[in-house]
Every structure is written in C-alpha cells, then in structure tokens.
Amino acid sequence: MTIHIGAQPGDIAETVLLPGDPYRAKWAAETFLKDVKLVNEVRGMLGFTGTWKGNRVTIHGSGMGMPSLSIYVNELIKDYGAKTLIRIGSCGAMQEKVKVRDIILAMTATTLSTPSSGIFKEMNFAPCCDYGLLRAAADASQKKGSDTHVGGIYSSDVFYDERPDLNKQMTRHGILGVEMEAAELYNLALRHDCRALAVLTVSDHLITGDALPSDQREKSFGDMVEIALEAAFT
Ligand code: HPA
C-alpha cells in the first residue's frame with residue numbers, strides 16, 4: 001500500500017491504462033478485461049487489474065490535471081513497478097482539420113508548467129512519448145478506421161482558460177489539441193525509464209464549438225481503450 005493506492009504488492013500490472021475518470025476505469029475494465037479485480041479505491045480513485053488476450057493489465061484513474069496524475073504515476077512506477085503507462089482521455093481540438101471523434105496520438109506536449117518545472121528551472125524540456133507505442137497505436141487506430149492525427153498537443157493547467165491568446169498561439173504552431181495530463185506523464189516516464197503514450201479522443205472543438213454527443217461518448221472511449229491495449233501488447 002502507498003499513501004494513495006491501496007493495492008497489495010503484485011496487484012498492479014506492468015502495463016497501466018490511465019483514464020482521468022475512475023468510473024471510466026471501471027467501465028473499461030469490466031468491458032474489455034477478464035478476471036477483473038478491484039485493486040484500489042482510496043479516495044474513490046478506482047483501479048482494476050485483469051487480463052486482455054492473456055496479458056495482465058491495470059486500468060487506474062489518474063484524476064484531472066497534472067498534479068493529480070503525478071501522484072498516481074509516481075506511486076505506480078516507484079512502488080508498484082509499472083513500466084508501460086498509456087493515458088486514455090479526451091481533448092479539445094485546436095485545428096480545423098481535426099474533428100470531434102477523431103483520435104490524437106500525442107508525440108509531445110507543450111506546457112506553461114508541470115509538476116516537474118521545479119527540476120527543469122530555466123530549461124524548456126520537451127517531453128516526448130515512446131516511439132514504439134506511438135507506431136503501434138497509429139497502426140491500431142488506422143486499422144479500426146479512426147481518423148488519426150499524430151503530433152504535438154498542449155497540456156494546460158486550467159480547463160477554464162483566461163488566456164485565449166495562448167490557445168491562438170498553439171493553433172498557429174500546429175498543436176492538435178488541448179488536455180491537462182500528458183506532459184507530466186511523459187516527464188515521469190522518461191525520468192524512470194518507462195514507456196508512455198497519450199491516446200486522446202476529441203470530445204470538443206475550440207474553433208468550431210462542436211462537441212461529441214453524449215450517446216457517442218462510450219463508443220469513442222471504447223475505441224480508444226482498444227487502441228491503447230493493442231499498442232501496449234504489440
Ligand atoms: N481544455 C482542457 N482539457 C480538455 C478540454 C479542453 O477544452 N477538452 C477535453 N479536455
């Protein structure tokens with residue numbers, strides 16, 4: 001047990017999928033895994049371990065924002081030996097060519113700050129994903145027929161943004177979408193010699209104002225889980 005995770009040693013798999021929402025972790029585990037066991041419920045942050053095509057996998061909520069993700073990912077890596085960590089989440093599109101429901105695979109994530117900013121100080125560190133996971137996820141996503149975009153995203157510290165000028169600069173520099181977790185996941189994975197990737201579904205569009213209808217959210221989330229699982233075990 002750690003401060004935030006109640007799992008016993010050995011309860012967590014080397015491969016961990018990280019949705020922000022703990023109830024999405026529950027739904028994904030019950031929908032896609034076999035022999036599912038609840039391994040964490042401290043503070044209502046649910047984690048489940050099961051198997052997918054014979055491979056052990058944990059699906060654990062990260063919470064919203066980089067400080068929350070940082071707590072869970074630090075403990076999953078340092079205390080439970082997680083090696084492959086894939087964020088599965090939603091994002092807002094920042095380019096016209098990216099549509100609601102499309103998949104974004106984040107090569108890198110731009111930030112104003114992360115929980116690791118104190119380490120990097122004056123350095124503008126460029127966190128990047130694992131190339132093997134990225135390539136496998138791109139193949140899996142295209143095989144599924146999902147419109148797939150690979151490139152940079154923006155990991156923001158805020159959802160309710162008071163700086164529209166920053167979003168404009170991100171769009172101007174080709175950033176595909178905005179979310180709130182990937183950059184710190186990549187920082188931690190790189191620091192601890194782990195593999196990481198963020199697989200994102202576009203849930204809303206910052207330019208057009210489009211949004212994914214609620215009846216299509218589950219299907220899009222399910223596609224993302226399957227892409228992440230295929231990528232992890234390819
Ligand atoms: N901003 C930040 N995070 C998000 C958004 C957004 O517009 N959409 C989904 N996650």
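**Close-up 1. Thr 49 stands opposite Thr 58 in strand β4 of this predicted model.** Thr 49 belongs to a strand pair. Strand β3 covers residues 47–52 and pairs with β4 in the antiparallel sense. The two strands share 6 bridges. A hairpin links β3 and β4, with 2 residues between the strands. In that hairpin, Lys 53 takes a positive phi near 50 degrees.

**Close-up 2. Strand β1 runs parallel to strand β4.** β1 spans residues 15–18, and β4 spans residues 55–60. The join consists of 2 bridges. Leu 17 has Ile 59 of β4 as its bridge partner. β4 also pairs with β3, but there the sense is antiparallel.

**Close-up 3. The largest pocket has a volume of about 660 Å³.** Its lining counts 30 residues. Nearest the centre lie Arg 87, Ser 90, Cys 91, Phe 159 and Ser 203. β5 (84–93), β8 (177–179), β9 (195–205) and α7 (214–232) each give at least two residues to the lining. β5 supplies the largest share, 6 residues. By class, the lining holds 12 nonpolar, 10 polar and 8 charged residues.

**Close-up 4. The second largest pocket holds about 270 Å³ of space.** This pocket is lined by 15 residues. Closest to its centre are Thr 111, Leu 112, Met 123, Asn 124 and Phe 125. β6 (103–110) and α3 (117–120) each contribute at least two lining residues. The lining of this second pocket divides into 7 nonpolar, 7 polar and 1 charged.

Key
Residues numbered from 1 in each chain as written. Predicted model: local features only at pLDDT ≥ 70, side-chain atom pairs only at ≥ 80, totals over all residues. Heavy atoms only, no water. Pairing = 2+ DSSP bridges. Helix = DSSP H or I, 4+ residues; strand = E, 2+ residues; numbered from the N terminus. 1 Å grid on protein atoms, 1.4 Å probe; cavity = no way out; pocket = protein on both sides within 12 Å on 5 of 7 lines; lining within 4 Å. Points joined across faces, edges and corners; volume = space filled by probe spheres on them. Nonpolar A, V, L, I, M, F, W, Y, C, P; charged D, E, K, R; others polar.
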